[in-house]
Amino acid sequence: MPFSHTWLPYIYLYGVGGLLFGSGLLITIKSGSLDLKRPGHKMWLAILIFGFIWFMVMHAVWNLAALGILSLKVSAMIWIIFMITSLALVYFRFINKARS
């Protein structure tokens, strides 16, 4: 498939979407709705940024699998590793912290 049908929409989606996402975060921080002095708000900011990056990477992995560059098994393994990493981060960062 040509570049314009595979990666151009991806670049547009995460380029323009990333600018809008970043602008929205900036507006939220400047308005005082997201107070970075509060630990809970810092946590949510980290979750939002991690989620954006997570979806961007997963979308790229599945695009590579659809183009035949990565096998489906490798793509599934990357997805599993990302899921385990995400769950471990959530557990050790937030749940374990709440218990102590």
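This is a predicted model: local features need pLDDT of at least 70, side-chain atom pairs count only at pLDDT 80 or more; totals for chains, interfaces and linings use all residues.
Local features were considered only at pLDDT of at least 70, and side-chain atom pairs only at pLDDT 80 or more, whereas totals for chains, interfaces and linings use all residues. Residues are numbered from 1 along each chain as its sequence is written, and side-chain values use heavy atoms, with hydrogens and water left out.

Helices were taken as DSSP runs of H or I of at least four residues, numbered from the N terminus. Helix α1 covers residues 3–31 and helix α2 residues 39–66; their axes come within 11 Å and cross at roughly 175°. Axes are lines fitted to C-alpha atoms over the stretch in contact, with angles from 0 to 180 degrees between N-to-C directions. Helix α1 is therefore roughly antiparallel to α2, a term used for angles over 145 degrees. Contact (heavy atoms within 4.5 Å) involves residues of α1 including W7, Y10 and F21, and residues of α2 including F52, F55 and M56. By class, this contact has 15 nonpolar, five polar and no charged residues; Ala, Val, Leu, Ile, Met, Phe, Trp, Tyr, Cys and Pro count as nonpolar, Asp, Glu, Lys and Arg as charged, and the others, Gly among them, as polar.

Just after α2, G68 takes a positive phi of about 85°.

V90 is found in helix α3, residues 72–99. With a relative accessible area of 40%, V90 is partly exposed, the class between 20% and 50%. V90 and I47 are 43 residues apart in sequence, yet their C-alpha atoms are 9.2 Å apart in space.

Technical notes
Helices (H or I, at least four residues) and strands (E, at least two) are DSSP runs, numbered from the N terminus. Angles under 35 degrees count as roughly parallel, over 145 as roughly antiparallel, 65 to 115 as roughly perpendicular and the rest as oblique. Buried means under 20% relative accessible area, exposed over 50%, partly exposed in between (1.4 Å probe, protein chains only).
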